[in-house]
Structure formats: structure tokens, C-alpha cells
Amino acid sequence: MTTNKNESGYFGPYGGQFVPEHLAKKLNQLYKVFSELKQDKAFNLEYISLLKNYVGRPSPLFKAENLSEIIGSTIYLKREDLNHTGSHKINNAIGQILLAKRMGAREIIAETGAGQHGVATATAASLMGIKCKIFIGKVDSERQKMNVERIKLLGAEVVLAASGTGTLKDAVDEALNYYVENPNAFYLLGSAVGPHPYPEIVRHFQSVISKEIKQQIFDAEQRLPQRIIACIGGGSNAIGAFSEFLNEDVILDTAEGGGRSFEIGHTAATLNLGKEMIFQGSFSLCLQDEKGNAAPSYSIAAGLDYPGIGPEHAYLKSVNRVNYHVISDQEAIYAYRLLAEKEGIIPAIESAHAIALAIKLLKNKNELAVINLSGRGDKDVARI
Ligand SMILES: *Cc1c(COP(=O)(O)O)cnc(C)c1O
């Protein structure tokens, strides 16, 4: 594969655009359209109107009194689980489908792990009347059956990626391969990963989370939170929850999918165990085997089960602005049950990693903290 390194799209040394030349042309055209439209009044009005009337934003910031009592800190939950389709993924899917529409796209493709991005994309494509193909790993399609059925109901085609471990990495590989062969398709990427300009586009459309948190916590507490906690797969809900606070005096913590144990093959702890390499179109950290190839990841949470990480997070780690912690499957399952029993909220198993981290970090600290509850847990009930 020939690579093209674009000068823009870097976060420190991380990021860039390592793709074949004909794709680089497409991606640069996408960046041009995005850069113009994000300043465009009519575009923003349409985006904001859909977020309000279709997605149901602003999502509530809920003071979780029972959890606060148990932990010994004041905890607010940012309820992305209450969005239409059940997670934060829809914020980005709506934004990108509007870009696709303006670019005259006739076909949308996307990858999915937990199925949430597949559902969000199939939903957005259905709304706009554009044909849609969703790539999902074979193993993921089995552990997230309900979402596969939802995607089909929404009128999209499901393409099983049987290669590798049959998880998110393989779905991205197959979607990228399809994109290389069909550059006229619009690739609606679901996380803050991949070649430039995706990390920047996804952050832009997810930053609505932190804009709302800032307003809502001021209204409720007349001050900023001391800490914000999010789970992290590719990094989109975390960067969305953090972006407005990067220059504020707020501690930012993330929970990676620790899996079964802290070893290659048993974990998805990319920021703690990964090495620098070019992976799926960008230079960032990635889990590696002894030969220096991307290694298979493992986490109970399909949305966190990914060996790569968005370049902005690799950068934020290198400058120590954001802390990256490891939460095991067991800790996440405990937190999943705890939130259901004590607050009447069944979280996505991904989001349960953030709850578990809050339990660890905030015990009797008497802090004011916000946890980004990235999604709801219906999809996980059968397996838990
Ligand atoms: C996809 C997903 C994640 C992980 O992806 P990020 O890009 O890191 O946010 C986390 N939680 C839920 C509910 C998801 O669907």
C-alpha cells in the first residue's frame, strides 16, 4: 500500500493520513467540505435541529444520589444512554450523514463493534434515504445479536467480517478494503480513529457532550466538576466529554477495557500496553505481537475491544493531560450490576468500565465528578 502523509491532521507526532493516493484525494475533499460546512449557518441549524428533535438532546445530567452515597463523592451521570438508538454514536452519525448528503453520496458504509455505531449509521442512512452497508466481525455479530437484527430492520445490509478475531479491528479492515475498491462510497467512521480528517470530524460532532456538561454542571452546582470520567475504545465518547475542558482545571480520566488480564491477547489496554506504529491509516499507539504486527485485543465490551486508539489520545497521554486507567472485565460486571440495582439504570458494559473507575478513584474523596454514561445496556443483558 502506497502511503500519503498529509501535513495537517497531526496531534504532536500522532495522526496523519496513511492511505493509498486515490483515497487521500477523497479524504482531502471530505476535509474541505467539513471545514466549510462547520462554519455554515444552515448546516449547523440542520445538525442542531436533528440533535434536538430526532436524537433528543440535550441529554440530561443526572445527579446519581445513591451512587454518590455509596462512593462518598458527588457523582453526576451524563446520560448519553438516553439518546435515540441508545448511545453517543448517533451524535457523530447524524453529523457525518449530513456531510455525506451535501457531498451527494449514494452509498454509506460503516464498521461496528458493539453494534451501536452500526445501528446509529443505519438509522441516519434510513432517515436520509441513502443505501447502507455495515461491516461487523463474526464474533461480535454473535455477542451483539440484537443490534445485528436492529441494523437489518433499519434496511441496511450486514456484512460479516470473518478474518482475524472477528471483532472491531477486522470490521474496520474490511470496511477500509471496501472503501479502497469503492471510493465513491461515503465511509461514516464511528470513532476518533483512522486517517485524517476522521479524528477531527468525530471530535467535532461529539464535542456537543462537553458543551452541554459545562452548561448543565454550572446550572446545577455553579462550578466546574473536579473530574470527568469516560470509558475509552477508539476514544470518541471520551474526547467528546473532554474537549471543552482540556484547557480547564479539571482532571480527566479514562477506563480502558482491561479484559481478563494485563497481557497481549487478553486485554484491550492500548494506551497502557501499546507501542507506536502506523495502524489503519494513522500513526498512533497499538497493541503489538512480538513481530511488531497489530495484536488481537480482548475485552468483554465489544465497543472497547480494539487494539488501536485515536491519535489525539496518544498525544494527550504523551503530554500527561489525560489519565488512562485499566479496568478488568470483572470490575466492569460488578459496576454494571451496581448501577442497575442502585440507580435503576442498566449501563452499556462499555460505560460500566467508567463507573468501575469512579468507584476506584473517588472512594470517600468528597469530589464533584461527572461520569459520561456512553450507552445503555439492553444489548448486554443476555450475556451478563
Ligand atoms: C462504541 C462505544 C464505546 C467505545 O467507543 P469510543 O469511540 O471510545 O467512545 C463506548 N461505549 C459505548 C456505549 C459504545 O457504543
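Helices (H or I, at least four residues) and strands (E, at least two) are DSSP runs, numbered from the N terminus. This is a predicted model, in which local features need pLDDT of at least 70, side-chain atom pairs count only at pLDDT 80 or more, and totals for chains, interfaces and linings use all residues. Residues are numbered from 1 along each chain as its sequence is written, and side-chain values use heavy atoms, with hydrogens and water left out.

On a 1 Å grid over the protein atoms alone, a cavity is a set of points where a 1.4 Å probe fits but cannot get out; a pocket is an open set with protein on both sides within 12 Å along at least five of seven lines; lining residues have an atom within 4 Å of a point. Points are joined across faces, edges and corners, and a volume is the space filled by probe spheres set on them.

**Cavities**

The structure holds 2 cavities of 30 Å³ or more. Select His88, Lys89, Ser191, Gly234 and Gly303, which lie nearest the centre of the largest cavity among its 33 lining residues. Its volume is about 340 Å³. Which classes make up this lining? There are 9 nonpolar, 19 polar and 5 charged residues (nonpolar: Ala, Val, Leu, Ile, Met, Phe, Trp, Tyr, Cys and Pro; charged: Asp, Glu, Lys and Arg; polar: the others, Gly among them). Colour domain 1 (11-50 + 89-203) and domain 2 (58-87 + 207-380) next: both give residues to the lining of the largest cavity, so it lies between them. The domain bounds come from an automatic or database domain assignment.

Now select β12 (282-286) and β11 (275-279), the elements that give two or more residues to the lining of the second largest cavity. β12 gives the most, with 4 residues. This cavity has a volume of about 60 Å³, and its lining has 7 nonpolar, 5 polar and no charged residues.

Go to α2 (41-55) and α10 (208-221), each of which gives two or more residues to the lining of the largest pocket. α2 supplies the largest share, 5 residues. The pocket holds about 270 Å³ of space. Domain 1 and domain 2 both contribute to its lining, so the largest pocket lies between them.

Finish at Lys26, Met103, Asn184, Ala185 and Phe186, the closest to the centre of the second largest pocket among its 14 lining residues. Its volume is about 190 Å³, and α1 gives the most to the lining, with 3 residues.
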